[in-house]
Amino acid sequence: MEQPQVLQAMPMPRIGDHAPEFKAVTTQGNINFPADYKGGWVILFSHPADFTPVCTSEFLTFATLEEQFGKANCKLVGLSIDGLYSHIAWLRTIKDKIEYKGMKNVEVKFPLIEDITMEIAKKYGMIQPGESSTKAVRAVFYIDPKGIIRAIIYYPLSLGRNFDELYRVLIALQTADEFSVATPADWRPGDDVIVPTAGSCGVAKERMENKDDMKCYDWFFCTRPLDKEKVMKAILKK
Ligand code: BEZ
């Protein structure tokens, strides 16, 4: 009797870990990850399969937004467990034939990794057998200039990613680093940010009575304004 395929359990990379290292063949040549990207941000993302509709809509969008991510010092790297020639043929089809929501003649210039052995996908926890043991889920890894994983988002096969959110996360992570703040629910540049929690009741009381621009909702929850221009200037300057 045929046994169901059991994938060897691999530890999943977590937020705060060094991004697992690998060398790979891509549509833009060989890469050594994450070493080749040190000094800037990189988003490593996976898609289930070439020549599929949701993935095609995502690639059109990723490629259209590549410049916008680039201005925030962030490169894109894609991966699926398809081979290089499939990748090349699919990206050519996207450029030559697909027009979708005003996106047309879209050239994917960022590297797309071939991973037919699934070695990299497994290393990054992109194969989630409950969803599929033969396709990667839609994983998104945010890796900072030191090669540390700073955020991870997973979507199932059927759900195309929200690119406003992917960009918002990148800007929020950089804002947190740049201004030593946290960002509240649904934060967008220009919204108030959260200042670090007060160390003592005395400090909190002082804060709550403070007439400056800080606003405290209670001793553990204080915000202050942070101009959108200031945020974007700090992030886009690099
Ligand atoms: C898609 O991209 O359309 C897709 C890929 C794999 C499974 C389901 C949908």
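## Around the ligand and the disulfide

Let's start at the ligand: one of its oxygen atoms sits 3.2 Å from a polar backbone atom of Pro53. That pair is a polar contact, meaning N or O atoms within 3.5 Å of each other. Before going on, note that this is a predicted model, where local features need pLDDT of at least 70, side-chain atom pairs need 80 or more, and totals for chains, interfaces and linings use all residues. Residues are numbered from 1 along each chain as its sequence is written, and side-chain values use heavy atoms, with hydrogens and water left out.

Val54 also takes part, with a polar backbone atom 2.7 Å from a ligand oxygen. Arg138 uses its side chain instead: a polar atom there is 3.1 Å from an oxygen of the ligand. On its own the ligand has 260 Å² of accessible area, and the protein covers 78% of that (Shrake-Rupley method, 1.4 Å probe).

Who else is around? The ligand's surroundings are Pro48, Thr52, Pro53, Val54, Cys55, Arg138 and Leu157, counting residues with a heavy atom within 4 Å. Cys55 is buried, at 1% relative accessibility; buried means under 20% relative accessible area, with a 1.4 Å probe and protein chains only.

Now for the structure's one disulfide. A disulfide is a covalent bond between the sulfur atoms of two cysteines; here, the cut-off is sulfur atoms within 2.5 Å. Cys216 and Cys222 are joined this way, S to S 2.0 Å. Their link is right-handed, with 105° about the S-S bond. Cys216 counts as buried because its relative accessible area is 18%, and Cys222 is buried too, with 2%.

How values were computed: Polar contact = N/O pair within 3.5 Å; in protein donor to acceptor, adjacent residues only side chain to side chain. Buried < 20%, exposed > 50% of the residue type's maximum accessible area, 1.4 Å probe, protein only.
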